[in-house]
Amino acid sequence: MIKLGSKQKLTIVKKVDFGVYVGESQEAEEDKRVLLPKKQVPEGAMEGDGIEVFIYKDSSDRLIATTNEPLIQLGKVAVLEVIETGQIGAFLNWGLEKDLLLPFKEQTKKVKAGDSCLVALYIDKSERLCATMKVYHYLKTNSPYIIGDQVVGSVYEISDNFGVFVAVDNEYSGMIPKQEAQGNYRLGEMMEFRVSSVREDGKLNLSARKKVQHQIGDDSAIIIAELRELNGVLPFDDKASPEVIKDKFALSKNAFKRAVGRLMKEGKVELKNGKIYLK
């Protein structure tokens, strides 16, 4: 069966002036053949030869084959560039002559020409290939990573209820849980993460922060810098609300307390009257 949106090896059934027709076998009936345009036909190709092609649809919604390499295939995820926007959505460069449509309803944020966005390729109700930025169900859960591994991924969704969703290697399913999602994140942002756990379903829990022993030093430096900006006095201590701490330092309360504890142990700060003082 000829598969829309996939690379496959087919057979050259018939040569014509404007290209060749390919099918599953040389005996393929006319309605089971797809045109490979002349400029795509390898030099010296003959009837009966096997040829690897990608199947998509032309501007008239007819199946067509190409030997060009697509940047994405059906059910896969990739980062593609926005070429232009129109009345029905955005059009993406996916390495083929006809640009790929990203409908407005499949956008998780408004995109513009020049943007790069993480998308999956799917077949819509009209049997056309389209892109979607809603990639959660397209990501794999069989990553090779274990706890403590450093990974790279793209932020593709931010949820107030669950946390920050990340496509690790633009291929595997990962998430920064809500309680760990401190700081500001942007859709499409590429970041480094640490694998904090691997769930039973294979999805990765991530932390954008370093291991605790390394992170405390960075957090401590941030607090010292802020104290110097405030002439040596921070108007709250480690008993402040999580919201106050997060707003000021983009840290969780636990991370803040660990950093303040280290600074006290090192003799760099002291807590007094609900405030923190630089020594």
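This is a predicted model: local features need pLDDT of at least 70, side-chain atom pairs count only at pLDDT 80 or more; totals for chains, interfaces and linings use all residues.
## Overall form

How do the contacts run along the chain? Counting contacts between residues at least 6 apart in sequence, 52% join residues at least 24 apart.

## Surface and charge

Of the 279 residues, 44% count as buried. The accessible surface of the protein comes to about 15,800 Å², and carbon and sulfur atoms account for 47% of that area.

Charged side chains are worth a look too. There are 42 positive and 41 negative ones, and the centres of these two sets lie 7 Å apart.

In soluble globular proteins, nonpolar side chains tend to be buried together. Here, the largest nonpolar core has 33 residues, and Leu92, Trp94, Leu102 and Val119 are those with the most contacts inside it. Strand E4, covering residues 50–57, gives the most to this core, with five residues. A second, separate core has 16 residues, including Ile224, Ala255, Phe256 and Val260.

Which residues does Val119 touch, leaving aside those up to four places away in sequence? Its partners include Leu92 and Leu102, along with Ile72, Val77, Ala78 and Leu80. Lys76, Ala131, Thr132, Met133 and Val135 also touch Val119.

Key. Residues are numbered from 1 along each chain as its sequence is written. Side-chain values use heavy atoms; hydrogens and water are left out. Buried means under 20% relative accessible area, exposed over 50%, partly exposed in between (1.4 Å probe, protein chains only). Contact means heavy atoms within 4.5 Å. Accessible areas come from the Shrake-Rupley method with a 1.4 Å probe; for residues, only the protein chains shown count as cover. Lys and Arg count as positive and Asp and Glu as negative; His and the chain ends are not counted. The place of a charge is taken as NZ of Lys, CZ of Arg, CG of Asp or CD of Glu. A nonpolar core is a set of buried Ala, Val, Leu, Ile, Met, Phe, Trp, Tyr and Cys residues joined through side-chain atoms within 4.5 Å. Helices (H or I, at least four residues) and strands (E, at least two) are DSSP runs, numbered from the N terminus.
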